[in-house]
Amino acid sequence: MTLNSIKVEDSSCNATEGESATSSSMQSSGVHKVCLPPYRTTFQKLRQRLSEIFFPDDPLHKFKKQTGLRKFVLGLQFFFPVFEWGPLYSFKLLRSDIISGLTIASLAIPQGISYAKLANLPPIIGLYSSFVPPLIYSILGSSRHLAVGPVSIASLVMGTMLSQAVSYSQEPILYLQLAFTATLFAGLLQASLGFFRLGFIIDFLSKATLLGFMAGAAVIVSLQQLKGLLGISHFTNQMQIVPVLSSVFTHKDEWSWQTIVMGVSFLIFLLATRQISTRKPKLFWISAAAPLVSVILSTIIVFLLKSKTIQTIGHLPKGINPPSLNMLHFSGPHIALAIKIGIITGVLSLTEGIAVGRTFAAMQNYQVDGNKEMIAIGLMNMAGSCASCFVTTGSFSRSAVNYNAGAKTVVSNIIMAATVLITLLFLMPLFHYTPNLILAAIIITAVIGLIDYQAAFRLWKVDKLDFVACLSSFFGVLFISVPLGLAIAVGVSVFKILLHVTRPNTNVLGYIPGTQSFQSLSRYSTAVRIPSFLIIAVEAPFYFANSTYLQERTLRWIREEEERIEVKRETAIKCVILDMTAVTAIDTSGIDTICELRRILEKRSLKLVLANPVGNVMEKLHNSHALEAFGLDGLYLTVSEAVADISSSWKPEA
């Protein structure tokens with residue numbers, strides 16, 4: 001039996017002269033041919049598939065049909081976006097960027113110092129990290145509103161993982177070496193993902209996973225700041241909730257009432273300004289300026305009081321970033337730790353930076369190239385590791401302030417970096433009396449916004465497995481550790497993917513009266529069964545991982561339908577139709593399963609029919625010669641055509 005006899009042709013669907021009569025007969029009976037996709041060589045298929053995987057946005061489409069000079073200009077703009085927006089820059093844009101740059105600088109300076117403390121690094125490192133990376137990003141970045149600098153999550157993870165292996169107080173040089181080396185590896189990973197267009201890897205960190213992780217991290221970070229708010233000198237380096245709380249109450253004799261009163265007062269002030277700006281977005285400048293105002297006021301108060309019970313930052317060196325290339329550490333027993341920290345912080349910071357950039361790009365109706373952003377963030381971290389910086393990325397809080405302040409381009413990052421430069425050169429002695437309690441209050445205010453209980457409630461309502469992933473991440477961070485909590489959450493997310501792949505949905509379909517549509521009987525009460533037919537829809541690719549399950553589930557559907565028919569004394573099943581509309585792919589195991597299922601049903605005097613296989617599925621079924629066994633009426637374009645055509649063939653037998 002030839003394939004042409006079962007209504008299969010190439011993509012043109014044009015019959016030859018010998019087949020014209022048969023084709024006309026089929027068309028007049030309402031049955032259409034099922035076409036094969038256009039013929040392509042193996043190389044052409046591989047090329048198209050790789051293009052879809054790695055270049056879904058076709059980034060080189062602008063280069064087509066261009067002159068050599070134009071291609072050179074487009075290449076510069078592609079790799080250095082500054083050449084794209086730079087020639088169009090105007091004084092009006094500069095005025096907006098200066099205002100937004102100064103605004104985010106007022107937030108970036110205290111946050112930079114605070115996040116460096118969160119990573120157990122010298123406070124000055126936080127300012128260094130707010131100077132060089134923004135300059136690099138302003139040349140390479142494609143987001144107009146992303147404000148670059150240290151962020152709480154990456155700082156927390158780096159500080160936690162490093163402190164478990166090395167103590168900064170005992171081995172400060174080694175600690176700095178590992179921090180800078182981890183930053184280099186983070187940058188290498190980020191740039192590599194962008195260069196090789198492997199950004200889809202970070203998609204394994206689902207929103208549910210990150211939601212729980214950030215909430216758990218926010219709780220731990222907030223509890224860790226009790227050291228500064230209570231004035232405790234001796235505090236645990238562990239990051240689990242039990243030892244942290246135990247350390248708080250074990251050292252009650254170190255609590256300082258002056259520190260508590262002052263710290264709680266500024267914390268209330270910062271939270272209040274945050275609430276005001278949240279309710280009235282036009283007053284964003286209140287919460288943006290609040291951290292710097294708090295630093296200035298608290299520093300003045302401590303300077304006037306001269307209290308020895310209130311712990312201060314102490315001396316901070318003046319000057320720009322010293323080179324740290326000689327401090328990169330590529331040997332010794334801790335190199336594996338540096339790589340591990342670099343990978344984890346690199347993925348986390350990359351996820352946050354890309355998400356923030358795309359969020360504000362969508363609000364202003366422009367596009368951000370995710371792969372170019374990865375390269376930009378990676379290169380700025382690589383450069384930062386050689387200039388005494390730790391891991392940086394786009395900060396959501398600073399980017400929101402940047403957006404609300406009216407930023408038009410990445411020049412706002414340059415203005416911010418220039419402000420930080422002035423601070424580094426001339427204003428560092430002013431931070432000598434800045435109390436640690438104000439840094440703790442700033443950190444708590446910043447991270448408390450990461451606890452999104454409303455989003456968790458929505459997860460519970462929409463997807464219970466996503467909610468489980470969220471809780472796993474949250475409690476894993478709280479009670480085990482930050483990296484293991486994240487690993488558990490990723491494991492739950494991967495398990496969810498495997499569950500959907502290995503146990504896909506299948507449904508029995510019924511006819512919607514008055515239409516040509518067949519829909520799920522369990523979903524539509526108006527859907528009715530077609531006597532003698534069982535129509536099953538498979539809603540997933542047919543792979544080796546689920547082929548056995550799909551065979552068993554199909555046989556179970558048949559058994560249950562036969563039992564129902566026996567009870568209600570209806571017409572017995574004669575034909576089983578597999579609706580393959582949602583079967584987007586198939587492999588050899590899937591093909592073998594379909595053939596095996598056909599043989600099993602044939603022994604039970606049941607006919608198996610395939611309806612609407614998509615292009616690549618049809619091509620594989622054709623190349624494997626699996627369709628030859630299905631006969632003249634074993635393959636149809638739609639379920640309705642299959643039902644009509646097969647039913648008509650039974651009438652003479654009645």
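In strand β8, C575, I577 and D579 point one way, V576 and L578 point the other way, and all are buried. Buried here means under 20% relative accessible area, exposed means over 50%, and partly exposed lies in between, with a 1.4 Å probe and protein chains only. In a regular strand, side chains alternate between the two faces of the sheet. Strand β8 covers residues 575–579 and is mostly covered, with 5 of its 5 residues buried. Strands (E, at least two residues) and helices (H or I, at least four) are DSSP runs, numbered from the N terminus.

The model is predicted: local features need pLDDT of at least 70, side-chain atom pairs count only at pLDDT 80 or more, and totals for chains, interfaces and linings use all residues. Residues are numbered from 1 along each chain as its sequence is written, and side-chain values use heavy atoms, with hydrogens and water left out.

Strand β8 has a partner on either hand. Strand β7 (residues 533–538) runs parallel to β8 and is joined to it by 5 bridges. I535 stands opposite I577 of β8. Strand β9 (residues 607–611) also runs parallel to β8, again with 5 bridges. Here L578 has L610 of β9 as its bridge partner. Two strands count as paired if DSSP finds at least two bridges between them. Strands of a sheet pair through backbone hydrogen bonds, either parallel or antiparallel.

Helix α23 (residues 547–568) forms a right-handed β-α-β unit with β7 and β8. Helix α24 (residues 588–603) forms a right-handed β-α-β unit with β8 and β9. A crossover is right-handed if, with the strands pointing away from the viewer, the path from the first strand over the helix to the second runs clockwise.

At the level of the whole protein, the secondary structure comes to 26 helices and 10 strands. The domain assignment gives domain 1 (91–314 + 322–458) and domain 2 (505–650). Such bounds come from an automatic or database domain assignment. The C-alpha centres of the two domains lie 56 Å apart. Along its principal axes, the C-alpha trace spans about 105 × 65 × 55 Å. Of the 654 residues, 52% count as buried. The accessible surface comes to about 31200 Å², and 63% of it belongs to carbon and sulfur atoms. These areas come from the Shrake-Rupley method with a 1.4 Å probe; for residues, only the protein chains shown count as cover. Among contacts with a separation of 6 or more, 78% join residues 24 or more positions apart. Contact means heavy atoms within 4.5 Å.

Helix α22 (residues 482–502) has 21 residues. Its first and last C-alpha atoms are 30 Å apart, close to the 30 Å expected at 1.5 Å a residue. The expected span is 1.5 Å times one less than the number of residues. Its buried residues are V482, P483, G485, L486, A489, V492, S493 and K496. They pack against α8 (152–165), α10 (207–224), α15 (335–363) and α21 (464–479).

Helix α16 (residues 370–385) has 16 residues and should span 22 Å at 1.5 Å a residue; its end C-alpha atoms are 22 Å apart, which agrees. Of these 16 residues, 12 are buried, so α16 is largely enclosed by the rest of the structure. Among the buried residues are M374, I377 and M380. The buried residues pack against α3 (68–79), α7 (132–140), β3 (147–149), α9 (172–195), α15 and β4 (393–395).

T345 is found in helix α15. T345 is buried, with a relative accessible area of 0%. Neighbours within four places in sequence aside, T345 contacts A154, V157, M158, A186 and V391. The C-alpha atoms of T345 and V31, 314 residues apart along the chain, are separated by 58 Å.

Most residues other than glycine have a negative phi. N120 has a positive phi of about 60°. N120 is found in the loop between α5 (91–118) and α6 (123–128), and at 32% relative accessibility it counts as partly exposed. N365 also has a positive phi of about 60°. N365 sits in the loop between α15 and α16, and at 72% relative accessibility it counts as exposed.
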